[in-house]
Amino acid sequence: MAVEMLETGPLGVCTYIVSADGDVTADSVPCVVIDPGGDADEISATVTRLGQKVAAVFLTHAHGDHIGGVRDILAAWPGSVLCCSEETSRRAQDAKANLSYLMGTPVTTPAAGRVLRDGEEFEMAGLRWRAVEIPGHEPGEMVYILGDGHIVFTGDTVFYGSVGRSDFPGGDHNALVAGVTTLLQSLPADATLYPGHGPSTRADFELRSNPFLR
């Protein structure tokens with residue numbers, strides 16, 4: 001499994017390009033793009049450089065800084081599908097609900113081509129995934145757990161030494177902390193967490209050191 005990270009959009013969202021390892025023909029390796037916050041041309045150029053093609057775009061949540069590149073990525077890679085929770089799909093289609101109108105550049109996405117349920121296990125781009133809903137930063141936010149749980153894409157739920165904001169509409173700090181704590185306790189201690197902003201971290205480190213989780 002390979003993870004490539006780009007910082008995209010005006011707020012430096014961590015966009016991840018995720019693919020399975022394997023001896024395959026060039027230009028045929030499917031990948032998943034997680035939270036394309038903008039800079040769609042750069043994302044597509046990186047996918048091409050890696051000899052891959054986009055099978056799906058995953059959204060952790062619908063805030064405008066995480067969705068700016070969705071339409072262009074889907075257009076650049078015909079047959080790719082947008083995957084997220086039903087609530088994220090609804091909010092991402094509404095510039096007021098996704099708060100992008102506050103940034104001065106309203107943005108929306110198409111409806112999700114595949115709506116994911118909390119706890120759903122599924123296969124995409126040759127990888128096994130599990131989607132887990134953790135509200136609190138935004139209703140409907142999901143984290144994406146790969147395979148045996150050693151790699152997790154956490155969106156804006158938990159960061160290195162911190163957790164997501166809960167002062168946006170629909171936010172709930174207590175629900176966020178409870179959801180993050182339950183998630184981390186369910187993971188292998190050495191699980192790597194890839195957040196929506198900032199550096200990666202580990203499950204055991206956050207449970208031990210994150211001041212918001214004590």
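Trainee: Where is glutamate 141 found?

Mentor: Glutamate 141 is in the loop between strand E8 (127-133) and strand E9 (142-146); strands are DSSP runs of at least two residues, helices (H or I) of at least four, numbered from the N terminus. This is a predicted model: local features need pLDDT of at least 70, side-chain atom pairs count only at pLDDT 80 or more, and totals for chains, interfaces and linings use all residues. Residues are numbered from 1 along each chain as its sequence is written, and side-chain values use heavy atoms, with hydrogens and water left out.

Trainee: Is glutamate 141 buried or exposed?

Mentor: Buried means under 20% relative accessible area, exposed over 50%, partly exposed in between (1.4 Å probe, protein chains only). Glutamate 141 has 0%, so it is buried. Its side chain reaches the backbone nitrogen of aspartate 156 at 2.8 Å.

Trainee: How is a pair of aromatic rings described?

Mentor: By the distance of the centres and the angle of the planes. Rings of Phe, Tyr and Trp (its six-membered ring) pair if their centres lie within 6.5 Å; planes under 30 degrees apart count as stacked, over 60 as edge-to-face and the rest as tilted. The count here is eight aromatic pairs. Phenylalanine 58 and tyrosine 144 have centres 4.8 Å apart and planes at 35°, so the pair is tilted. Phenylalanine 58 lies in strand E4 (residues 52-58) and tyrosine 144 in strand E9, 86 residues apart.

Trainee: What are the relative accessibilities of these two?

Mentor: Phenylalanine 58 is buried at 0%, and tyrosine 144 is buried at 0%.

Technical notes: A polar contact is a pair of N or O atoms within 3.5 Å; within protein, one must be able to donate a hydrogen and the other to accept it, and residues adjacent in sequence count only if both atoms are side-chain atoms.
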